[in-house]
Amino acid sequence: MQPITLNTEPQFLMDRRFIAESDGIELKINPATKAGCVLSPDRPWEAYRIVPNAVLEDDGSYKMWYSAIAHYQGRQNNVACPRCHLENSGKKVVCVKCGWPLLDIDWMNNHLFHQCFASSTDGIHWERPELGLVDYAGNKKNNIFDFTGAICVPAINPRGPPAEKFMAISERQGRLYIGVSPDGLRWTMKPKPVLPFSADTNNQVVYDHALGKYVAFLRGFPGRRTTVRCEFDSLDEAPWPYKHNPRQPDNTGTVYIEEELEKVMDVDENDPPLPGLDINHLSANLYRAGVYLGFPGIFRKYPPAGLDHKGRENHRYFAQGNDGTFETQLAVSRDGRQWTRPDRRSYVSHGLLGGPDGGLTIVAPGLLARGHEIYQYCSGHRKTHGIFDPGGDTQSASIFRLIQQKDRFISASAG
């Protein structure tokens with residue numbers, strides 16, 4: 001065995017790189033501590049739920065970008081589903097049988113779904129500044145910003161000019177684009193699509209200094225949710241390199257990424273042998289040079305509609321097998337390409353069903369250093385993944401703080 005040359009940086013026992021052989025030693029995660037709610041959906045434009053997308057430290061202050069969904073006032077009369085023709089209550093947003101949208105998608109993007117911003121000086125107390133950028137109900141006194149695409153996950157671009165200090169991936173019309181911004185609030189989309197695919201989750205782009213390239217972590221969907229990876233040299237590069245594999249769109253007109261990009265995270269033989277188990281998202285962080293930490297959402301799906309708990313049928317969203325719970329695990333990588341989950345215990349577990357985080361926990365990218373502690377942020381959902389009811393529910397998800405000890409995400413432990 002050849003010796004390993006190390007630098008003076010701290011070395012992490014996050015995998016077995018430094019363990020030639022051992023007896024009775026296990027790599028164990030140290031779960032994050034739940035530290036309470038920091039933001040609840042108490043504004044009209046976010047009354048249904050709020051979910052953090054990214055948290056960053058920038059010029060001495062902390063910044064959070066989050067997605068918000070307003071309460072839907074509904075209509076008086078029933079509405080027939082355009083797909084299965086079932087009559088739905090006028091308060092429903094999607095069909096209770098097949099999950100098809102009952103409202104115009106553009107209308108929902110403009111009136112129900114919003115991208116919001118908050119700031120903090122200590123990571124505990126967060127303020128919603130009045131940005132004056134987007135009109136909501138005839139008033140611009142809100143913290144909404146305009147971003148073309150469903151979810152904005154900003155990252156700092158260390159190679160960009162001032163006008164491109166922040167970067168994020170946008171999806172529109174079934175294609176992926178790169179957006180840039182001087183402040184994380186006023187966004188401009190690059191004109192050419194970077195990939196001709198849909199990837200409908202928290203897609204990320206980071207700059208890897210060791211590699212000297214930009215790296216994107218995206219949703220793959222070869223019949224289940226996975227994480228795929230793509231690297232490229234410039235934000236102006238379009239398209240990104242991918243394996244051409246012409247396919248027809250699915251029944252919704254969508255083409256997802258299947259085998260066109262390198263897969264870096266998927267369920268494997270060490271996961272429970274459940275028929276419905278997905279990696280919903282990765283939430284990758286470049287913790288320091290040569291150390292990636294990810295916080296994948298493990299989606300444990302309920303059986304298809306008609307077989308699960310009584311009472312869920314009237315709240316289904318994409319009813320056929322898209323309901324269930326999330327828990328968060330810890331994933332590690334030395335290069336952003338080879339990822340492992342050395343301990344499959346929960347890094348953040350969901351609480352009791354009906355509690356503030358009883359359905360889902362989703363950890364956002366972002367690690368805020370506060371002395372010997374690291375602050376992280378997650379959404380806590382009272383309901384499970386398949387329940388989407390902004391016309392009949394409010395405050396279904398809030399944003400919570402997590403505490404981890406610096407450099408102690410994982411350890412080599414003896415019995």
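Predicted model: local features only at pLDDT ≥ 70, side-chain atom pairs only at ≥ 80, totals over all residues.
The sulfur of Cys116 sits 11 Å from the closest cysteine sulfur, in Cys152, which is too far for a bond. Residues are numbered from 1 along each chain as its sequence is written, and side-chain values use heavy atoms, with hydrogens and water left out.

- Cys378 is in no disulfide either, as its nearest cysteine sulfur, in Cys37, is 9.8 Å away.
- Cys116 is buried at 0% relative accessibility, and Cys378 is buried too, at 4% (buried is under 20% relative accessible area, exposed over 50%, partly exposed in between, with a 1.4 Å probe and protein chains only).

**A three-stranded sheet**

- Strands β18, β21 and β22 form an open sheet in the order β18-β21-β22, paired antiparallel (strands are DSSP runs of E, at least two residues, and helices are runs of H or I, at least four, numbered from the N terminus; two strands pair if DSSP finds at least two bridges between them).
- The edges are β18 (277-281) and β22 (324-328), and each has a single partner strand, so one side of each has no neighbour in the sheet.
- On average, neighbouring strands here are turned by 30° against each other, direction ignored (axes are lines fitted to C-alpha atoms, for helices over the stretch in contact, and angles run from 0 to 180 degrees between N-to-C directions).
- Four bridges hold the antiparallel pairing of β18 with β21 (residues 297-301), and Ile279 stands opposite Ile298 in β21.

**The one cavity**

- Searching the whole structure turns up one cavity of 30 Å³ or more, and the largest cavity has a volume of about 70 Å³ (on a 1 Å grid over the protein atoms alone, a cavity is a set of points where a 1.4 Å probe fits but cannot get out, a pocket is an open set with protein on both sides within 12 Å along at least five of seven lines, and lining residues have an atom within 4 Å of a point; points are joined across faces, edges and corners, and a volume is the space filled by probe spheres set on them).
- Of its 13 lining residues, Asn202, Phe217, Leu218, His281 and Leu282 are closest to the centre.
- β15 gives the most to this cavity's lining, with three residues.
- The cavity lining splits into three nonpolar, nine polar and one charged residue (Ala, Val, Leu, Ile, Met, Phe, Trp, Tyr, Cys and Pro count as nonpolar, Asp, Glu, Lys and Arg as charged, and the others, Gly among them, as polar).

**The second largest pocket**

- This pocket has about 650 Å³ of space and 26 lining residues, with Leu56, Ile156, Asn285, Leu286 and Leu367 nearest its centre.
- Its lining has 19 nonpolar, four polar and three charged residues, and β19 supplies the largest share, five residues.

- Ala238 to Pro239 is a cis peptide bond, with omega near 0°, and Pro239 is in the loop between β16 and β17 (262-265).
- Ala137 isn't a glycine, yet its phi is positive, near 55°; Ala137 is exposed at 75% relative accessible area.
- Ser283 has a positive phi too, about 50°, but Ser283 is buried at 2%, in the loop between β18 and β19.

Terms used
Disulfide = S-S within 2.5 Å.
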